[in-house]
Amino acid sequence: LSRAGRPRGGAAIRCLWTCWTCQEGRLVYANQGKVSDYEHLNRTMDLRGTIAIVRYGGAGRGAKAINAAPFGVVGVLVYTEPYDMNDGLMNDNNETYPCSWYLPPSGVERGSYTSDFGDPLTPYLAAKKDTYRIPETDINGVPPIPIQPIGFEDAQILICGLGGTAAPADWQGSFPCIYNLGGPGFTSTSRFNNGEVKLDVYNSGKLRDSANVMGVIWGSVEPDRYVIYGNHRDSWVHGAIDPSSGTAVMLEISRILGQKVKAGTWRPRRTIIFGSWGAEEFGLIGSAEYAEEYISKLSQRTVAYINVDISVFANATLRASASPIAENVIFTASKQVKAAGSNTVSVYDNWIKYFNKTSPTYGLIPDVGYLTGAGSDYAPFIHYLGISSMDISYTYDRSKTRARIYPAYHTAYDTFDYASRFIDPGFTSHQTVARTAGNVLLRLADSFLLPFNCSDYAESLEGYLSAAVENFEEHLKANSISIEPLKEAVKSFRNAATNLDSVIRSSDLVNETPLKARRINDQLMLLDRAFVDPLAFPNKYAFRHVIWASRSSGVATFPGLADAVEKALATGLKEDWNQAHRHLSIVTQAISGAAHTLAEAHATQ
């Protein structure tokens, strides 16, 4: 397959942070490229010198190759499985785009194959002209073997020709054949017979300038407090949805607010900063370098970061992920905006029909996700700086499709025609996102008291604590590690949050000294910063938030604790249980410290 990476009649399909190289080997099918998938194969065959073909999902793009290398795999092909993305539909004549929103067989999902974000040559330093750059050999988070995406029309030919035993049932897909593991290699009846796959990747590394485009509306009362609204500008191929749907929303909001400022009819209380980030698809480089360059100022002055990247995945309902302290402002805004295509139903009421959860405090409410990964430009703000952040979009009805994202994502088919016909006909959902995100922006910029609720944070910590107790307490006890200090820390946080809420309700802040409102606002603004520990995750670049850092564990709880306990359970080693104890102490201290910052907000009057 020497043409891997070159579509019929087209230019080379590039992916980022994979090496220029040529590898050749027998093919094996490794499902999603998780460590457990390679372990499964390694039990029955020698993977050294093989090339693995894997499907998207289950593990990050770069991780699929990083996971493969220790087993001796020399290259990886990755494809979009039609079962996962197209609900099994594959016919290019009447089932896929331009007949529907489903990905055509020739569609190739590109992407960045690094596990870290920011410029890898300048870790923790802004990538400017004269900045020190580390040797390329010292770059972390980049796959040590080549990895190349292909379309599922090519993947079908390869997978359906594989020999060996049948793959497990949950590894099967929609191709009209049994997915075999490979022997390794092809069957004798395959047209490739006992041939090998040759993987040529033609990437090269060059230094290129990339610019962020910034816009500022200075605040009239608190110009030293910033509300930042951002989206990236670069795209894979046409990028009508990713990122141009978000760019359209940001430009419309900035146009309307700019008109009001120019007319002299309005100026926000706090400063609004718009950021059009460059080089996001290379690994969040624009936003990460901005965060690194202005770390001191942003850490001290930023109220919140609003991210609207792909503003419209589809046109069914709002979707949001956020720091828990920001849930309240998103709910309030969504109650004031009508849902796309409706004159009577609010965004909130429509949202709760599609994504909901039962809150111990409020009952049934929309389910707001947590920002636990690094999927867009919120990552440098929440994970590195500890700035309360949110990501807002419109999406599809998950009960009607298995698609993990809109099917043309990161392909050449992400066009204006695709967006206008299948994603958001009439662009009503774009308007709804603009009104909702704009409402949130204005509330954060103009409210006398910040519309944050620290008790909502307490509820999220209590949920994480319950999961930790249920899944890990007995294992920790068996190794003489007590989880009681963590319970006490969460309890103290709840008490501090409740007391602060009481102070806010009982205060007449408009008529009291402005310093009291400023003091409380600072406590709310800086709450997420209290969870930042630069030493907590030495092996996770730029992840410093001990509550929302990424995790490999499937247990929705404190990430450092979950990953450490699961590793200790797998190895049984004393040093790994010591690490579990360490992470328990880290998160306990962070929560206790955050509780103290809230308590100080209502000191003696």
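**View 1. Four strands line up as an open sheet in the order S2-S3-S4-S5, with parallel pairing.** Strand S2 (27-29) and strand S5 (147-150) take the edges, each with a single partner strand, so one side of each has no neighbour in the sheet. From one strand to the next, the twist averages 25 degrees. A quick word on what you're looking at: this is a predicted model, where local features need pLDDT of at least 70 and side-chain atom pairs count only at pLDDT 80 or more, while totals for chains, interfaces and linings use all residues. Residues are numbered from 1 along each chain as its sequence is written, and side-chain values use heavy atoms, with hydrogens and water left out. As for the labels, helices (H or I, at least four residues) and strands (E, at least two) are DSSP runs, numbered from the N terminus. Two strands pair if DSSP finds at least two bridges between them.

**View 2. Here are strands S3 (residues 51-55) and S4 (residues 75-79), paired in the parallel sense over five bridges.** Look for isoleucine 53, whose bridge partner in S4 is leucine 77. Helix H2 (residues 61-68) lies across S3, S4 and S5, and runs at about 150 degrees to S4. Angles run from 0 to 180 degrees between N-to-C directions, and axes are lines fitted to C-alpha atoms, for helices over the stretch in contact.

**View 3. A second open sheet has six strands, in the order S7-S9-S8-S10-S14-S11, and its pairing is mixed.** Strand S7 (213-217) and S11 stand at the edges with a single partner strand each, so one side of each is left without a neighbour in the sheet. The twist here averages 20 degrees from one strand to the next. At the S7 end, S7 pairs with strand S9 (residues 270-277) in the antiparallel sense over five bridges, and valine 216 stands opposite isoleucine 273 in S9. Helix H5 (residues 244-263) lies across S7, strand S8 (222-232) and S9, running at about 150 degrees to S8.

**View 4. Zoom in on strand S14 (residues 389-395), where seven of seven residues are buried.** Buried means under 20% relative accessible area, with a 1.4 Å probe and protein chains only. In a regular strand, side chains alternate between the two faces of the sheet. Both faces of S14 are covered, with Ser389, Asp391, Ser393 and Thr395 on one side and Met390, Ile392 and Tyr394 on the other. Strand S10 (residues 302-307) runs parallel to S14 and is joined to it by three bridges; isoleucine 306 stands opposite methionine 390. Strand S11 (residues 317-322) pairs with S14 in the antiparallel sense over six bridges, and threonine 317 stands opposite threonine 395.

**View 5. Threonine 432 sits in helix H12 (residues 428-446).** It counts as buried because its relative accessibility is 2%. Leaving aside neighbours within four places in sequence, threonine 432 is in contact (heavy atoms within 4.5 Å) with Val337, Lys338, Ala339, Ala340, Val347 and Tyr394.

**View 6. Helices H13 (residues 454-478) and H14 (residues 484-506) pack at about 165 degrees, with their axes 9 Å apart.** That makes H13 roughly antiparallel to H14, since angles over 145 degrees count as roughly antiparallel and those under 35 as roughly parallel. The residues of this contact divide into 11 nonpolar, two polar and seven charged.

**View 7. Helix H15 (residues 514-525) packs with H14 at about 150 degrees, with the axes 12 Å apart.** H14 and H15 are therefore roughly antiparallel to each other. Leu500, Val503 and Ile504 in H14 meet Lys516, Ile520 and Leu524 in H15, and those residues divide into five nonpolar, no polar and one charged.

Key:
Angles under 35 degrees count as roughly parallel, over 145 as roughly antiparallel, 65 to 115 as roughly perpendicular and the rest as oblique. Ala, Val, Leu, Ile, Met, Phe, Trp, Tyr, Cys and Pro count as nonpolar, Asp, Glu, Lys and Arg as charged, and the others, Gly among them, as polar. Buried means under 20% relative accessible area, exposed over 50%, partly exposed in between (1.4 Å probe, protein chains only).
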